[in-house]
Amino acid sequence: MPANFWIIFSGLMLTMLLSALDQTIVSTALPTIVGELHGVEHMAWVTTAYILMATIAMPVYGRIGDLIGRKTLFLSGIAIFLVGSTIAGLSQDMTMLIIGRGIQGLGGGGLMITSQAIIADLVPARQRAKYMAPIGAVFGLSSVAGPLLGGWFTDSIGWRWAFWINLPLGILALVVCAIVIHLPKHQVSGRLDYIGFVLMAAAVSCTVLVADWGGTEYGWSDPVLLGTAAAGILAWVLFFVQESRASEPLIPLYLFRSRIFNVSTLIGMIVIGVGMFAIIGYLPTYLQMVYGVSATESGLLLIPMVVGIMSAAIPSGNAISRTGRYRMYPIVGVALVMVAAGLMSTLVVDSPVALICVYVFVLGAGLGLMMQTLVLAVQNDFPASDVGTATSSNNFFREIGATLGIAAVGAVFTSRLTDQLAQRLDASSAAAVGDSNSLTPAMVHALPQAAQDAVIAAYQHALTPVFAYLLPLFAVGLVLAFVLPEKELSDTHDVESEPEPAQM
């Protein structure tokens, strides 16, 4: 490792924190943002736009990094992220906000992937396990600090600071990383797969639109939705056909010959992608609407999750570095996430807040055991020359899960909320509520008691059953964790001596 490794590592952690923060920082601010900008029907897209564009960008960053080197690519990602943050901070309507969030995602996706690949360039797999705990802690911290900061900004100086805060931190990261990171440059050995990129973007976009529109904007049998689904399927087929022919594919098909890659990716997609982001994306709204807590308080109530992540990730990371074994940790992790989702589905309007904190801690412990362990397993199964591509592809499918999870849960939640409000609000309460698309937590708790009780009950009955809907998915993830192959972690960077990927 280079002598200034810890300075490099700190810079990478800062950029990963910025990127991960912006997946969650708007969650506590969302009720106020959509109320002010009159767009509750577009609520899911404030988060989905970021994750969607980050997902599309990931394979591109991974492949270009393997071809030409990562430093310039990494610095470009920071710059793009800062441009998106500026646009989001200046937003005057939902359209401008969603565009800014999309541009943030284009940069943020590169920061997550390139940071992990740079660490893999510098540290052998077995020793890398010790650094996975801080990486996992960054993602855990962001999942709590994001909602907490978003809530604090919303309650004090304004929700736009959720985006302005990125500018000084991002510029600091840009300067530090430009000075301290020194990596070998690579010669371009082929052209980037532009056709594959277009097909991938179309496929991901159609997939998300179907998840977001289904049952809300359009009925499941509506021609528009069916046409979008058909276009998405066609784009996915054409994308993989293109990848089989391209000289430098974004997602090389040989990755799928690795059983470790396939199983780890599916677990990450189902449990972390769908589960974590679906729960964390909507729990702060539930806390604000049902319990009447402030945006800041709803963020503070998620702190037990980061405590759970760190308390599980640090000892498991040290144990993995010591033994070179990792298989048991995803098994226990998925089981704990499944238990947490089941417990959350039992919440009622008068459930103690302390009980929610316990459930959130259990969720964090499960995530801490597997988030970075799965990435480590994938990186260990491929030679150093493919680490960027393998890492980005694994994260790509995980983000697909996150995008689908947030969009699908948002669609189900919005549909259920509309039905619940229609059932529970009588004429006088409906008149007091007014436009339900513009409801903010403050407005809800200023309503007459009858209307307030009806709205709170509607939110509770709209969201908590959705957690139970996730249990079959998590059960699939648990089965996959049991069949995940285990390969002893490599303690070398010698590409020639690295074993071949575990075959299917």
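Phe-256 is partly exposed at 27% relative accessibility, where buried means under 20% relative accessible area, exposed over 50% and partly exposed in between (1.4 Å probe, protein chains only). This is a predicted model, in which local features need pLDDT of at least 70 and side-chain atom pairs count only at pLDDT 80 or more, while totals for chains, interfaces and linings use all residues. Residues are numbered from 1 along each chain as its sequence is written, and side-chain values use heavy atoms, with hydrogens and water left out.

Rings of Phe, Tyr and Trp (its six-membered ring) pair if their centres lie within 6.5 Å; planes under 30 degrees apart count as stacked, over 60 as edge-to-face and the rest as tilted. By this rule there are twelve aromatic pairs. One of them joins Trp-236 and Phe-240, which are stacked with 6.1 Å from centre to centre and 20° between the planes. Trp-236 and Phe-240 sit four residues apart in helix α10 (residues 223-245), so about one helical turn separates them. Helices (H or I, at least four residues) and strands (E, at least two) are DSSP runs, numbered from the N terminus. Trp-236 is buried at 18% relative accessibility, whereas Phe-240 is partly exposed at 27%.

The pair of Phe-256 and Phe-261 is edge-to-face, because the ring centres are 5.6 Å apart and the planes meet at 85°. Phe-261 is buried, with 0% relative accessibility.

## Nonpolar cores

A nonpolar core is a set of buried Ala, Val, Leu, Ile, Met, Phe, Trp, Tyr and Cys residues joined through side-chain atoms within 4.5 Å. The largest one has 115 residues, and the members that touch the most others are Phe-74, Ile-267, Met-344, Leu-363, Leu-367 and Met-370. Helix α11 (residues 259-291) supplies the largest share of this core, 18 residues. Another core, of 31 residues, lies apart from it and has Ile-56, Leu-73, Ala-201 and Val-378 among its members.

Contact means heavy atoms within 4.5 Å. Not counting residues up to four places away in sequence, Leu-367 touches Ile-272, Met-276, Met-305, Ile-309 and Val-337.

Asp-193 belongs to the loop between α8 (166-180) and α9 (194-213) and is buried, with a relative accessible area of 5%. A polar contact is a pair of N or O atoms within 3.5 Å; within protein, one must be able to donate a hydrogen and the other to accept it, and residues adjacent in sequence count only if both atoms are side-chain atoms. The Asp-193 side chain makes such a contact of 2.8 Å with the side chain of Gln-242, and it reaches the backbone nitrogen of Gly-196 at 3.0 Å. Beyond its neighbours within four places in sequence, Asp-193 is in contact with residues including Glu-243, Ala-246, Glu-248, Pro-249 and Leu-250.

Ser-351 lies in the loop between α14 (328-344) and α15 (353-380). Ser-351 is buried at 8% relative accessibility, and a polar atom of its side chain is 2.9 Å from the backbone nitrogen of Val-348.

Ser-115 is part of helix α5 (residues 94-122) and is buried, with a relative accessible area of 0%. Although 102 residues separate Ser-115 and Met-13 in sequence, their C-alpha atoms are 7.8 Å apart in space. Leaving out residues up to four places away in sequence, Ser-115 touches Leu-12, Thr-15, Met-16, Phe-74 and Gly-110.
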